[in-house]
Amino acid sequence: MNEYEGTVAAETDELITTHMPLVGHIVRETMGRVPSHVSRDDLTSAGLTALVLAARAFDPERGVPFDRYAATRIRGALLDELRSVDWASRSVRRRARDLAETRSQLANVLGRTPTVAEVAQAAGMTPDEVAANDDDVSRAQVLSLQGSATTPIEELVPTRAPSPEDLVEHAERLTYLREAIEELPERLRIVVQDYFFAERPMADIAAELGVTDSRISQMRAEALTLLRDALNHALEPALLKPAGKAGGVAQRRRESYFAAVAARHADGVRRGVVTPLDAVG
């Protein structure tokens, strides 16, 4: 190794050593936004690898500070790591499917949405176990949809620049999501807005609405199902699955909700209040 190569290697090592705390900071920031089963060690390993690669590839002549450049590379590596794992563990999703089937069967028998206690009894679980599973799945659904209330998971790193078509499609989904939230039954809307966006504790929401924590968990699950189905109804009808008894009360309420979301969207477009590009940026 000649003197120049030795100098470059020393500078690279210095960049890595000096900026290792940056990896820890970004990992801590990310861990606060993802499900608990995500491994901190795996994210840290991915982040440190990205830091090393960033130090080796860094070109100061481009005028970009190394900490900014490295942060982008580190966030990109973390996002790749997150995309390589499921948002919810297999056991959580398997139990969620079983609970969904149990709820569907009970709804057909009872003619209404079953309570958490009824689902727990039928599934041979405790209400707390049912609520915990619903919590894991709902967190995963929201994270996969938009990341977090502060920073969408897609923004953890720039991948490829989105095309105009991508921007319009993403904006349209955000527009429909906002409209679908606004058309939720009042108490379900309060749960969604307070739990996911205001990040209020479940116990506080339960106290305000005068119900139990388990009921809030059930309402949250109902709201997420309605939101998912409303988006599919408007944008991807092939993904919409039947729910409840054909012609039953639950099915009619569901169709009425879809119609209300569609009407709100059409009214916004007609008045020029809503356009696909409104949500971009």
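**Note on the helices around α10**

1. Gly210 follows helix α9, and its phi is positive, near 75 degrees. Helices here are DSSP runs (H or I, at least four residues), numbered from the N terminus. The model is predicted: local features need pLDDT of at least 70, side-chain atom pairs count only at pLDDT 80 or more, and totals for chains, interfaces and linings use all residues. Residues are numbered from 1 along each chain as its sequence is written, and side-chain values use heavy atoms, leaving out hydrogens and water.

2. Look along α9 itself. Met202, Ile205, Ala206 and Leu209 are buried there. Buried means under 20% relative accessible area, exposed over 50%, and partly exposed in between (1.4 Å probe, protein chains only). Seen down the axis of α9, the buried residues fall within an arc of 100 degrees, so they line one face of the helix. The arc is taken from the directions from the helix axis to the C-beta atoms.

3. Two packed helices are described by the angle between their axes and the distance between the axes. Axes are lines fitted to C-alpha atoms, for helices over the stretch in contact, and angles run from 0 to 180 degrees between N-to-C directions. Helix α9 (residues 202–209) and α10 cross at roughly 100 degrees, and their axes come within 8 Å. That makes α9 roughly perpendicular to α10. The cut-offs: under 35 degrees is roughly parallel, over 145 roughly antiparallel, 65 to 115 roughly perpendicular, and the rest oblique.

4. Which residues of α9 and α10 meet? Met202, Ala203, Ile205, Ala206 and Leu209 of α9 meet Asp213, Ile216, Ser217, Met219 and Arg220 of α10. Contact means heavy atoms within 4.5 Å. By class, this contact of α9 with α10 has seven nonpolar, one polar and two charged residues.

5. Helix α8 (residues 186–197) also packs on α10 (residues 213–235), at an angle of about 95 degrees, with the axes 9 Å apart. That makes α8 roughly perpendicular to α10. From α8, the contact includes Arg187, Leu188 and Tyr195; from α10, Glu222, Leu226 and Leu227 are among the partners.

6. Now Arg254, in helix α11 (residues 249–270). Is Arg254 buried or exposed? At 8% relative accessibility, Arg254 counts as buried. Its side chain makes a polar contact with the side chain of Asp229 (3.2 Å). A polar contact is a pair of N or O atoms within 3.5 Å; within protein, one must be able to donate a hydrogen and the other to accept it, and residues adjacent in sequence count only if both atoms are side-chain atoms.

Methods. Helix = DSSP H or I, 4+ residues; strand = E, 2+ residues; numbered from the N terminus. Nonpolar A, V, L, I, M, F, W, Y, C, P; charged D, E, K, R; others polar.
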